[in-house]
2 protein chains.
Amino acid sequence: MEMENLEEIREDLKERILTAVEKRDSKEIAEIFETIPNIDIAEAIEDEDDVKVLLYIFRVVNNEYAADFFAELTPEQQELIINAFSDKELVALLNELYADDITDTLQQLPANIVSRVLKACPKDMRNDVNRLLNYKDDTAGSIMTTEYIEMKENVTVKDAIATIREKGRDAETVYTIFVRDNRRTLTGTVDLDDLIFAKEDEVLSDIMNKDFVCCNVNDDQEDVAKMFKRYDLTALAVVNDENKIVGIITIDDIVDIIEEETSEDIARMANITDMSDPYLKTPIFKLVLKCVPWILILMVLQVFTTMILSGFEGEIAKFAILAVFTPLIMDAGGNSGGQTTTMIVRSLSLDEFDLRDYGRVAWKELRVAAIIGSIVAIFAFGWLMFEMSVGIVNTDSITKNIIDSGAQLTLIQAELLIAALVGGTLFVTMIISRLFGCSLPFLAKLIKLDPAVMCGPITTTVVDIVSLITYFLIWKEILNPLFFNIT
Amino acid sequence: MEMENLEEIREDLKERILTAVEKRDSKEIAEIFETIPNIDIAEAIEDEDDVKVLLYIFRVVNNEYAADFFAELTPEQQELIINAFSDKELVALLNELYADDITDTLQQLPANIVSRVLKACPKDMRNDVNRLLNYKDDTAGSIMTTEYIEMKENVTVKDAIATIREKGRDAETVYTIFVRDNRRTLTGTVDLDDLIFAKEDEVLSDIMNKDFVCCNVNDDQEDVAKMFKRYDLTALAVVNDENKIVGIITIDDIVDIIEEETSEDIARMANITDMSDPYLKTPIFKLVLKCVPWILILMVLQVFTTMILSGFEGEIAKFAILAVFTPLIMDAGGNSGGQTTTMIVRSLSLDEFDLRDYGRVAWKELRVAAIIGSIVAIFAFGWLMFEMSVGIVNTDSITKNIIDSGAQLTLIQAELLIAALVGGTLFVTMIISRLFGCSLPFLAKLIKLDPAVMCGPITTTVVDIVSLITYFLIWKEILNPLFFNIT
């Protein structure tokens with residue numbers, strides 16, 4: 001299926017479904033569910049709020065599809081269906097759902113519905129769901145499922161396959177079997193294909209992988225995602241502090257988490273507080289709340305640059321062309337600092353290096369900064385000379401200043417001095433932006449803060465302060481006497 | 001295994017391996033490979049360039065580990081080993097590797113080694129590898145593998161399991177079996193667990209999923225990754241233009257691609273040309289090349305703001321406090337525009353909406369912008385009054401201007417007017433930044449450009465232009481006459 005014309009396909013599918021429901025054509029509905037993925041069907045009818053239509057579909061389709069389909073519906077639709085279901089139907093649905101899907105559903109439903117669902121849950125599942133609901137957000141516990149297959153070390157391959165045949169349908173995955181010893185400690189994993197390839201009378205301890213990894217129930221979900229990537233896993237055991245297995249996490253949940261973490265990283269870089277909700281479904285006031293705090297915080301952080309500019313207001317009044325180039329210097333510093341912090345934060349978050357590598361990184365950055373500083377300074381020098389010579393920057397005021405003060409300068413000498421001032425300031429700015437920009441994420445990590453959150457704005461603020469002071473001090477102490485003939 | 005003390009674990013492991021190699025303790029090496037994941041072993045000895053050490057390890061470990069371990073080594077180490085291997089050993093290694101891993105390896109090796117490896121490849125694998133090497137970068141073809149299990153519709157479950165037992169070890173996954181009709185057209189997929197649950201005499205066409213999806217060999221890898229996420233896949237068939245299956249992609253490769261695409265998105269946001277190489281291994285001149293072009297491009301883009309500021313230089317010279325607040329206005333506009341483009345680009349790339357939703361988005365942005373604009377304007381007004389009243393911003397020059405010009409203004413009236421000027425400009429800036437910032441990604445998508453590349457800088461440039469002109473025009477036309485008593 002092409003992603004391009006998804007919208008059209010969706011429209012056609014919606015019509016096909018609604019026509020079938022209207023005609024009470026159960027065969028057509030069954031055919032649709034046979035040949036089209038559940039999520040495509042769910043999306044096609046995501047605006048459907050007629051409970052009769054939803055119920056008809058549910059009662060007609062095969063049980064195996066119904067549970068998956070239910071998990072893909074919107075919370076509003078799920079609520080409608082649960083309300084309309086008899087207790088018996090609800091129990092049947094819950095039996096087909098995985099504990100982690102029920103938990104996801106419950107987190108979005110109103111309290112009275114939650115209690116009805118929990119009451120309808122089979123007792124052992126109710127315990128599981130209650131446990132899952134209690135784990136802290138973003139931990140391994142909050143994303144794991146309790147439906148996995150666990151066997152003892154001395155089980156034979158033949159018995160293992162028989163057990164899978166019998167109990168496998170309730171498990172979220174049968175592709176990884178978790179093996180434990182008599183004290184319920186996890187000792188290995190067996191992949192389903194290893195079972196298929198093995199001889200029937202071998203025991204699991206002979207064929208299991210002992211080089212497995214597992215995570216703790218309190219581990220951060222981002223670290224769990226890293227383990228899946230690093231070890232090419234499809235399922236991972238979650239253990240408690242006593243090293244007993246309490247659940248598993250499967251790769252399909254991890255793909256969603258990587259997506260979520262990516263959105264989080266991108267949001268932080270753009271100074272948005274959160275980007276997890278789909279844009280069109282986010283209410284306006286929530287969009288405002290996501291964006292406005294950072295604009296205000298950054299405005300307050302500018303108090304330092306405002307103070308510096310205000311302190312040099314006299315110089316600006318005397319020689320206003322100075323103000324023309326301040327945004328150029330501040331933006332170049334902000335960009336350069338942003339580039340550095342982004343690279344370092346990303347490398348830190350991918351575990352490419354750790355705190356002990358700071359020396360190597362700083363030394364590398366210093367050399368990179370020296371080269372970039374030289375290139376940018378020379379380019380800016382040439383670019384400003386060009387701007388002044390073709391009249392993009394008006395130089396009349398410079399001429400007037402020279403004449404008024406009686407300084408011994410030609411216009412071209414004055415232009416060269418101004419271009420050199422900006423170039424020199426940019427050289428300092430590049431060095432500071434890269435050195436400070438690479439150091440701050442390490443510092444944040446050292447004191448166990450998230451480096452992604454504040455490094456960008458703080459770096460920009462510090463670089464702005466240093467570059468503006470450099471710019472105006474070079475002017476005031478070195479160039480000003482030349483321009484105004486002060487000896 | 002905790003990710004925190006990975007570095008220490010790595011050091012210990014390295015010592016353990018090197019000691020074992022020195023003592024020629026093959027049992028210890030075998031034990032290490034039994035109990036520790038290959039990638040951890042490979043990383044522990046990633047600096048090892050003594051080919052004798054590497055060869056000893058290779059000759060001692062079990063064949064099943066050797067190939068995986070080889071795939072995790074650095075290109076330099078792979079080259080050393082291939083050079084030192086006899087032809088027979090090379091053939092044995094290649095037989096254990098998957099075609100896509102060989103392809104990955106070859107892409108990083110010098111030409112003479114590539115030809116030796118291809119010569120040593122079994123003939124059918126050589127064809128596969130050559131084909132994989134020919135697909136364009138970042139397409140489904142370039143990441144797929146040719147080792148999958150394909151069966152005809154009329155095969156029985158019993159025969160299918162027997163075939164998997166026989167040929168499954170060569171396939172990259174046996175968890176999804178691809179089913180085709182007599183004309184080699186893909187008609188369905190069977191998951192391994194469905195085979196386990198089915199009766200022995202059923203045929204594949206009875207139990208296969210007909211609601212499968214597949215991708216074309218030329219599809220972009222990012223779209224392929226989207227399909228994995230959407231449909232919770234673990235393997236996906238890749239078909240050619242005649243709808244015949246030519247390869248499969250497995251979820252472990254997709255996780256790497258999501259990672260790669262994330263790095264790409266983040267790099268674009270920070271104006272870095274590319275971030276795919278690990279930082280510490282990137283040469284200095286390459287780091288310079290990644291960063292410097294954008295700093296220069298952005299500097300050139302500033303020609304417009306430079307022109308505007310230069311055009312209003314006379315106003316700045318007369319009333320220098322205007323220059324104190326320009327960075328504040330420009331930064332707020334840049335931040336706000338960046339927030340909007342980031343949200344819209346992200347939503348577009350996640351297919352949350354498409355081009356036809358532009359009207360809804362723009363209308364939503366207009367309302368959001370009106371609210372944010374009001375909040376920011378009022379806050380800035382208050383904040384500036386505070387800055388001026390406590391002396392963060394020096395107001396002596398305002399007083400002097402009023403006295404010199406003999407205007408009928410008190411200092412507090414003047415301050416209120418300046419704060420209102422900045423507040424009003426910010427209101428306009430917020431509206432423009434969000435409206436323009438949300439429109440540009442749609443425009444880019446419409447003309448089939450990548451929205452992530454240029455939208456940030458262009459939005460900032462346009463917003464800077466509009467806000468500076470607004471700021472200075474309001475000043476010149478409305479406030480200037482009041483301050484300088486022009487009637």
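Select chains A and B together: across their interface, 46 residue pairs are in polar contact, both at pLDDT 80 or more (a pair of N or O atoms within 3.5 Å; within protein, one must be able to donate a hydrogen and the other to accept it, and residues adjacent in sequence count only if both atoms are side-chain atoms). This is a predicted model, in which local features need pLDDT of at least 70, side-chain atom pairs count only at pLDDT 80 or more, and totals for chains, interfaces and linings use all residues. Residues are numbered from 1 along each chain as its sequence is written, chains are lettered from A in the order in which they are written, and side-chain values use heavy atoms, with hydrogens and water left out.

Then pick A:Lys210 and B:Glu34, whose side chains form a salt bridge at 3.2 Å, N to O (a side-chain nitrogen of Lys or Arg within 4 Å of a carboxyl oxygen of Asp or Glu). Between chain A and chain B there are 10 salt bridges.

Finally, go to B:Phe304, in helix 18 (residues 303–311) of chain B. Leaving out residues up to four places away in sequence, B:Phe304 touches B:Thr461 and B:Ile465. B:Ser397 lies 93 residues from B:Phe304 in sequence and 29 Å away in space, C-alpha to C-alpha.

Conventions
Helices (H or I, at least four residues) and strands (E, at least two) are DSSP runs, numbered from the N terminus. Contact means heavy atoms within 4.5 Å.
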